[in-house]
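Q: Could you walk me through reading the pockets in a model like this one? I'd like to start with what lines them.

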Amino acid sequence: MSNGIRSSGVWNLLSQSMSEAIEAVQDSIVTVHGGGRATASGVVWRPGVIVTVRNGLRRDELVNVIHRGEPFSARVAGTDGGTDLAVFRIDSNSLKPVHASDLGSTRVGDLVLSVGCSGLGDISASSGIIARLGSPWRTWRGGAD
């Protein structure tokens with residue numbers, strides 16, 4: 001990183017924008033326990049609906065969802081092994097759904113954030129760049145889109 005870019009404030013603006021984006025979604029992130037697997041993060045997609053990873057779950061299994069220290073019982077509503085996704089239903093509509101962006105405006109080079117919860121419940125994040133669009137992809141288990 002050159003001093004010219006750093007001194008221009010671009011990196012400070014980018015950092016501030018990313019921090020604001022994380023703050024905007026953190027109330028929609030939960031910790032998921034159960035399924036004979038390690039703790040995972042999930043996102044409140046719609047009222048009463050949580051989306052997370054599928055690995056290690058059984059369809060009829062009850063799972064615990066923790067949001068800011070408050071436990072919720074959840075049941076598996078559906079899973080997809082090809083994309084490694086699971087959908088849970090909880091009996092509470094009090095959790096805030098995430099605001100999903102318009103994917104139609106997504107471009108190669110756009111920044112993306114991955115926001116989750118650690119096993120202790122604190123927020124964690126990482127970032128990346130969209131490398132390509134419109135091409136089939138494979139999951140680590142071999143599933144395709």
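This is a predicted model: local features need pLDDT of at least 70, side-chain atom pairs count only at pLDDT 80 or more; totals for chains, interfaces and linings use all residues.

Q: How much space lies in the largest pocket?

A: About 1600 Å³.

Q: Which helix and strands each supply at least two residues of that lining?

A: Look at helix H2 (10–25), plus strands E2 (37–46), E3 (49–53) and E7 (111–117). H2 gives the most to the lining of the largest pocket, at seven residues.

Q: And how do the lining residues of the largest pocket divide into nonpolar, polar and charged?

A: Here you sort the lining by residue type. For the largest pocket that comes to 25 nonpolar residues, eleven polar and five charged.

Q: Let's move on. How much space lies in the second largest pocket?

A: That pocket holds about 200 Å³. Its lining is made up of 14 residues, with His67, Arg68, Gly69, Cys117 and Gly121 closest to the centre.

Q: Which elements give two or more residues to the lining of the second largest pocket?

A: Two strands do: E1 (29–34) and E4 (62–67). E1 gives the most to this lining, with four residues.

Definitions and conventions: Residues are numbered from 1 along each chain as its sequence is written. Side-chain values use heavy atoms; hydrogens and water are left out. On a 1 Å grid over the protein atoms alone, a cavity is a set of points where a 1.4 Å probe fits but cannot get out, and a pocket is an open set with protein on both sides within 12 Å along at least five of seven lines; lining residues have an atom within 4 Å of a point. Grid points are joined across faces, edges and corners, and a volume is the space filled by probe spheres set on the points. Ala, Val, Leu, Ile, Met, Phe, Trp, Tyr, Cys and Pro count as nonpolar, Asp, Glu, Lys and Arg as charged, and the others, Gly among them, as polar.
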